Amino acid sequence: MRPATITPHILATPEIESHCIDRKAQQMPTRVDLFDSTYTHFTRQVLETIREETFGQDIGQNSWNTVEEYDRFLSWLDLLPEHHVLEVASGSGGPACYLADRLGCRVTGIDANEAGVNAAAQRAAKLNQADRVSFTVADANSRLPFVNDSFDAILCIDSMNHFPNRLKVFQEWRRILGPGRRAVFTDPVVITGPVTNDELAQRSSIGLFLFVPPGVNEQLIETAGLHLLRQEDVTANAALVAGRWHASRQRHQDTLIKIEGKERFAGLQQFFAAVHHLTNERRLSRIAYLVEKPTK
Ligand SMILES: C[S@@+](CC[C@H](N)C(=O)[O-])C[C@H]1O[C@@H](n2cnc3c(N)ncnc32)[C@H](O)[C@@H]1O
């Protein structure tokens with residue numbers, strides 16, 4: 001099934017032919033590093049070119065998130081320049097810096113990946129934003145290093161799937177959000193169709209994943225004492241972005257192989273192909289959630 005709606009202005013979604021998929025590798029997926037390698041080499045020309053070809057506008061995102069979509073999520077949060085926003089799993093720091101620049105907010109980013117936090121801090125310094133954008137290494141599954149009611153908003157894009165301690169994550173968000181304040185997150189791996197064990201292994205080859213069926217996030221949000229205000233199916237963006245990312249990497253394979261090595265390059269291509277197929281066929285869905293902490 002094809003995506004019902006796609007972001008119109010960027011290139012058309014390339015098809016990933018089934019012959020691109022190495023069946024042998026598909027049967028025996030192994031762990032393949034995405035985040036260390038990407039964040040360590042984030043500013044290399046070839047990675048910048050790939051992001052431009054993939055996202056249209058490169059703000060340093062490392063997810064299925066285009067700028068149009070990020071802007072829409074930001075609009076759900078009613079942000080003002082005096083607000084302090086937490087970006088959970090901030091990756092390279094690109095989206096956090098974009099947000100600080102666009103809305104004037106103070107932004108704190110946390111990520112478990114040290115190379116990501118280093119790249120993010122360098123980005124903020126280079127953009128002269130170090131006075132209002134900062135990054136810290138922290139595990140989102142654990143108690144967060146912030147006092148109660150300290151944030152006006154939380155953003156967490158395409159990372160909830162890495163948080164198996166999800167009730168604790170929502171309880172922490174409730175603790176650190178101010179009363180009446182909101183959080184937006186996406187879960188890119190909600191199981192909405194039949195998937196084989198090999199497909200799940202391909203999809204999760206880059207690290208720790210928790211796959212949930214529809215209803216689980218909704219229930220955990222309420223159990224944690226947050227209210228679900230809105231949810232939206234944003235699977236089409238993941239199908240589109242994963243298809244483009246795969247195609248762009250393929251075009252730049254000679255340069256990428258020098259950075260990643262042959263094996264990791266092939267493993268990552270399998271990963272992007274799996275994301276594209278599973279989202280394009282709506283067997284895994286990507287859902288955006290807007291939640292609010294009650295005033296009392
Ligand atoms: C798909 S990337 C998304 C990054 C960023 N949100 C963006 O849109 O570019 C997922 C991020 O989750 C981070 N991550 C994985 N497990 C984590 C954890 N337990 N705590 C904090 N961050 C984590 C990874 O290091 C990675 O940067």
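Helix α6 spans residues 114-126 and counts 13 residues. From first C-alpha to last it reaches 18 Å, close to the 18 Å expected at 1.5 Å a residue (1.5 Å times one less than the number of residues). Helices here are DSSP runs of H or I with at least four residues, and strands are E runs of at least two, numbered from the N terminus.

This is a predicted model: local features need pLDDT of at least 70, side-chain atom pairs need 80 or more, and totals for chains, interfaces and linings use all residues. Numbering starts from 1 along each chain as its sequence is written, and side-chain values use heavy atoms, without hydrogens and water.

**Around α6**

N113 caps the N-terminal end of α6, with a side-chain oxygen 2.9 Å from the backbone nitrogen of A115. A115 is itself buried, as are G116, V117, A119, A120 and A124 (under 20% relative accessible area, 1.4 Å probe, protein chains only). Their cover includes α2, α5, β2 and β3. After α6 comes N128, with a positive phi near 55°.

**The largest pocket**

The largest pocket holds about 720 Å³ of space. Of its 42 lining residues, F35, Y39, D111, S159 and H162 are the closest to the centre. Lining residues have an atom within 4 Å of a pocket point. α2, β1, β2 and α12 each supply at least two lining residues. The largest share, 3 residues, comes from α2.

The lining divides by class as follows.

| Class | Lining residues |
|---|---|
| nonpolar | 21 residues |
| polar | 14 residues |

Asp, Glu, Lys and Arg count as charged, and Gly is among the polar residues.

Methods. Buried < 20%, exposed > 50% of the residue type's maximum accessible area, 1.4 Å probe, protein only. Contact = heavy atoms within 4.5 Å. Polar contact = N/O pair within 3.5 Å; in protein donor to acceptor, adjacent residues only side chain to side chain. 1 Å grid on protein atoms, 1.4 Å probe; cavity = no way out; pocket = protein on both sides within 12 Å on 5 of 7 lines; lining within 4 Å. Points joined across faces, edges and corners; volume = space filled by probe spheres on them.
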